[in-house]
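Subject: Structure for your review

Dear colleague,

Please find the structure below, as promised.

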Amino acid sequence: MIATGQRAKGWGFVAPALIWTLAFFIVPFIVMGAMSLATLDGRNLIWGVSFDNYASLAERRFLWRAIVVSLEITVTVTVVSVLLAYPLAWIIAFNVPARWQRLALLLAILPFWTSYVVRSYAWLLVLAREGVVNQTLMTIGLIAEPLTLANTRFATVTGFVHFFVMLLTLTIYANLVQLSPNYRRAAQDLGANAFQTFRHVILPLTLPGIVTGAFLTFVLCIGDYVTPQILGGNTELTVPQVIMVQLGRRADFPLAAALAIVLMGIVTLAYLAAARWLRLDRL
Amino acid sequence: MNRLTSTLLATTVLTSVAGAAAAQDQLNALVWCDHMDPELIAPFEAAHNVTVNLREYEGTGAALALLEQSRPGDWDVLVIDGIDVFRAVEAGILAPLPADELPTADFFPEVVMDEVNTIDGVTYAVTEKFGYNTISYNSANVDPADMETLATVWSEKYDGRISIYDYYLPVMGLAALSEGIATADISADNLDALGGVMTTMRSRAASVAGVVAAQTALATGEVDIVVGGGEWLTAVLAAEQPELTWTIPSEGAVRWTQSLGVVEGSANPELALEFVKYIVSPEGQARLATSSCFWGMPANAAAGDFLSDEQKAVLRWDDQPDYLARTQLYPAPDDALDVAMQDLWLDTLAQ
Amino acid sequence: MMRVLPWVYLAAAFVFIYLPVGTLVLFSFQDGRLPVPPFNGPSLRWYGDVLGDARLMAALVNSVGVAFVSSTIAVTLGFLAAYGLARHHLPGSALVRGLLIAPLTVSYLIVGLGLLIVLTQTGFGLSLVTAGIGHVVINLPLAFAIIYAAMGAQQQNAERAARDLGATEARVILLVTVPMLAPAIGAAFFLSMTFSWDEFIIAFLLTRFDVTLPVEIWSLLRSGLSPRLNAIGSLVFLISVAFVLLLELLILRKRK
């Protein structure tokens with residue numbers, strides 16, 4: 001009796017969040033799934049069960065291409081961001097004196113708080129033909145002619161990496177400082193060299209943190225519209241860009257929904273691949 | 001109980017933030033960004049003691065979907081691409097306008113465009129602004145003579161020096177003109193030819209850019225040519241970099257127009273009509289032509305009295321008869337052709 | 001050599017991290033119409049321009065309002081759910097946790113698109129409220145995860161003691177649990193504020209006349225190149241940094 005009363009009370013606490021998630025996340029998701037099976041006749045929406053939208057992924061070359069481009073960019077960004085952020089987090093955790101660590105970390109993530117839209121625009125100015133990068137490279141004599149950096153995939157990747165290096169530095173740092181120095185000492189006492197210590201002790205212990213951060217990077221990157229739209233020069237389109245094109249000119253909600261479901265599918269695959277190490281509920 | 005009240009309270013706060021200006025008479029307008037300029041809207045608000053709520057949109061489809069799914073009375077006026085007026089009328093979104101109350105007699109004759117704004121003898125919209133999608137370029141870095149022929153614009157000589165404006169209709173219109181195809185004659189049969197031109201164009205281009213990216217690219221020397229540009233792109237830059245200019249090549253160029261209409265079921269049709277009349281009046285037209293978002297020619301030639309000589313020079317007021325004669329209206333595809341054109345555009349981009 | 005290398009890397013990383021912000025701020029002082037080299041200045045005209053722009057300022061107020069209200073709801077719901085799941089043994093709690101965390105694995109674009117489809121199909125008008133609803137959806141998992149992770153045995157003992165002394169559950173929560181979890185709740189609220197305040201795509205898809213700051217900046221960005229963008233971007237950065245530093249000095253330092 002008491003147990004069921006307690007249980008009902010427990011559900012009472014959980015209910016508001018659960019109802020919110022169901023009403024504004026799960027239901028829209030189901031409706032979107034249904035929408036992806038609808039078709040567009042002229043401008044009229046016809047509900048039904050048709051796989052035309054999914055079939056068109058194979059028929060309309062740019063749709064397929066967008067998926068490939070999105071995947072290429074996202075994987076590049078995730079890998080490069082982890083490779084750049086790990087040493088940075090490491091240096092802050094182990095080379096910077098303890099009393100300066102908080103400051104160093106704070107400084108490393110401060111630009112995180114610039115407006116996301118403006119940050120991409122700022123990279124456009126930095127990478128422009130007469131921008132800071134080209135001017136510097138030319139002054140020090142590394143290049144004779146300015147490089148085309150803006151409006152390329154390089155620019156998109158740079159914009160993304162900038163954002164995610166900050167994010168990952170934070171999560172990896174948090175992981176590294178939690179490690180007891182005893183692990184390293186023990187490994188060294190057992191005769192491991194620095195590399196072996198890293199490879200067999202530190203890396204496995206920080207892997208969950210890395211994978212969680214990398215997964216979040218993957219999710220945020222593959223679904224982002226702003227950065228490729230501002231920096232990419234539209235010479236190739238990512239899935240979110242194609243979704244927005246479908247919404248804008250023709251209000252093709254069914255195709256947009258189908259692309260969104262495909263995006264979800266890709267994220268789910270990434271999730272399954274990473275699931276072993278993921279600690280999403282213990283961020 | 002507590003959490004319920006706090007949730008309710010929070011929602012109320014949100015709603016009141018949203019509806020802060022709900023006191024006065026309202027006019028809800030779905031517009032392009034040039035209508036967001038207070039210099040244009042404030043005089044109307046003051047004269048009629050109303051609040052004009054403005055929402056800008058990207059893409060006719062998004063706007064029509066929004067309007068169709070709104071309740072009657074949610075919207076009062078709509079700014080729409082001239083070529084898409086018929087779509088809005090088909091969808092039952094636009095209400096008839098009293099043609100005799102509109103100053104179309106003062107308009108540049110070419111942009112009255114009854115064929116677009118009037119359907120089955122009923123006028124649903126009125127042209128308010130127009131301009132050209134053509135070639136913008138940096139006269140310091142390219143030979144202006146080369147810009148007079150489309151084929152030399154995207155020739156080997158300017159490889160990597162070109163940006164293409166990111167909108168398929170005008171750019172495909174230019175591609176058609178370079179092949180000697182009138183924009184009105186674009187059909188499924190000649191899309192292959194257009195695809196060929198666009199592939200060439202794309203192979204020479206450094207980027208396919210929206211407004212800001214194209215302006216940045218031009219201003220920083222990233223590119224020297226913007227295919228699909230025009231006065232609306234370079235007018236803001238011209239003050240500081242007079243070498244950035246535009247021309248209409250010998251094959252002609254594409255003319256864009258925007259129309260304004262009253263939304264069917266408007267809660268306040270008289271006020272909506274007053275708004276339309278204000279926008280097409282000479283004063284309203286002058287303000288719209290020089291609006292902060294982008295400049296363009298006013299449809300009403302009487303606006304000339306309210307524009308300074310400098311403004312007219314930037315708009316190239318005196319060249320308009322020549323330009324109007326040499327340019328063709330945007331391609332206006334039906335739905336099937338529209339899908340095919342957009343697919344072709346995305347295919348040639350994303351290669 | 002091995003001594004210097006970390007410091008070289010650190011310096012290079014900081015250059016990379018501050019490159020866009022530095023350029024942004026520098027050219028916000030540009031005395032001219034274009035935020036590109038050469039730099040002529042300094043001038044404050046673009047700041048005056050931006051501060052005098054009623055739409056931008058209204059959007060700024062809207063952004064703060066939406067961020068505050070949506071974060072309050074997200075943290076409240078997240079806290080209650082975390083409390084319910086941590087303190088009561090519920091069947092299927094792993095599934096519930098998974099469900100609550102799920103939006104974290106979905107792109108904002110998809111959350112926004114789903115809500116847009118439902119709202120337009122049901123004829124529910126778009127407004128700052130709908131954008132706020134979307135922001136609660138994306139921030140609820142975060143708030144829940146942070147607070148749930150912080151719920152440990154020590155609060156449970158204190159709660160039990162309070163209950164034994166006759167306090168009702170509501171009083172226990174308000175007077176024991178919430179104060180003990182204040183750091184986690186504060187962190188969740190702060191993070192939610194940050195994400196909501198800067199969120200673009202959901203606000204873009206789900207607002208109508210009144211928009212949030214990122215949406216207004218986006219329309220500025222589409223209307224042409226201008227140092228105004230630099231000025232508003234620098235202002236946002238300045239406000240955020242002041243806020244973060246204040247928080248760091250007032251709250252986080254005290255905790256140590």
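The notes below take the chains in turn, together with the contacts between them.

Please bear in mind throughout that this is a predicted model.

**Chain A**

The secondary structure of chain A consists of 12 helices and two strands. Read from the N terminus, the order is α-β-β-α-α-α-α-α-α-α-α-α-α-α. Chain A has a radius of gyration of 24 Å, whereas the globule rule gives 19 Å for 283 residues; the chain is therefore more spread out than a compact globule. Along the principal axes, the C-alpha atoms of chain A occupy a box of roughly 80 × 70 × 35 Å. Buried residues make up 47% of the 283 residues of chain A. Of the contacts in chain A with a separation of 6 or more, 72% are between residues 24 or more positions apart.

The buried residues of α4(A) are Ala104(A), Leu105(A) and Ala108(A). These residues lie on the same side of α4(A), because the arc they cover around the axis is only 100°. What do the buried residues of α4(A) pack against? Their partners are α3 (61-94) and α7 (153-178) of chain A, together with α1 of chain C. On the face of α4(A) turned away from the buried side, Arg99(A) and Leu103(A) are exposed.

**Chain C**

Chain C contains 12 helices and zero strands. Its elements, from the N terminus on, accordingly read α-α-α-α-α-α-α-α-α-α-α-α. The box filled by the C-alpha atoms of chain C, taken along the principal axes, is roughly 70 × 65 × 35 Å. Of its 256 residues, 50% count as buried. Where contacts in chain C join residues at least 6 apart in sequence, 75% of them are between residues at least 24 apart.

Helix α7 of chain C has 12 residues (153-164), and the distance from its first C-alpha to its last is 16 Å, close to the 16 Å expected at 1.5 Å a residue. Gly166(C), with a positive phi near 100°, follows α7(C).

**The contact between chains C and A**

Chain C contributes 69 residues to this contact and chain A contributes 66 residues. On the side of chain C that touches chain A, the elements giving two or more residues are α1 (4-28), α3 (54-87), α4 (93-101), α5 (108-122), α6 (128-150), α11 (213-223) and α12 (227-255) of chain C. Which element supplies the largest share of that side? It is α1(C), with 14 residues. By class, the side of chain C that touches chain A comprises 57 nonpolar, nine polar and three charged residues.

Chain B is divided into domain 1 (26-130 + 256-318) and domain 2 (131-254 + 328-349). The centres of these two domains of chain B, taken over C-alpha atoms, are 26 Å apart. Where the domains meet, 10 residues of domain 1 of chain B are in contact with 10 residues of domain 2 of chain B. The domain 1 side of this contact has eight nonpolar residues, one polar residue and one charged residue.

Within chain B, helix α11 runs over residues 269-280; its 12 residues should span 16 Å at 1.5 Å a residue, and the 17 Å between its end C-alpha atoms agrees with this. The buried residues of α11(B) are Leu271(B), Ala272(B), Phe275(B), Val276(B), Ile279(B) and Val280(B).

The contact between chain B and chain C involves 32 residues from chain B and 29 residues from chain C. On the side of chain B that touches chain C, two or more residues come from each of α1 (2-18), β2 (50-56) and α9 (211-219) of chain B. Of these, α1(B) gives the most, with 10 residues. This side of chain B divides by class into 16 nonpolar, 10 polar and six charged residues.

With kind regards

Methods: Residues are numbered from 1 along each chain as its sequence is written. Chains are lettered from A and ligands numbered from 1 in the order in which they are written. This is a predicted model: local features need pLDDT of at least 70, side-chain atom pairs count only at pLDDT 80 or more; totals for chains, interfaces and linings use all residues. Helices (H or I, at least four residues) and strands (E, at least two) are DSSP runs, numbered from the N terminus. The expected span of a helix is 1.5 Å times one less than its number of residues. Two residues are in contact if their C-beta atoms, placed from the backbone, lie within 7 Å. Ala, Val, Leu, Ile, Met, Phe, Trp, Tyr, Cys and Pro count as nonpolar, Asp, Glu, Lys and Arg as charged, and the others, Gly among them, as polar. The radius of gyration is taken over C-alpha atoms; the globule rule is 2.2 Å times the number of residues to the power 0.38. A residue is buried if 20 or more other C-beta atoms lie within 10 Å of its own, exposed if 12 or fewer, and partly exposed in between; C-beta atoms are placed from the backbone. Domain bounds come from an automatic or database domain assignment. The arc is that of the directions from the helix axis to the C-beta atoms.
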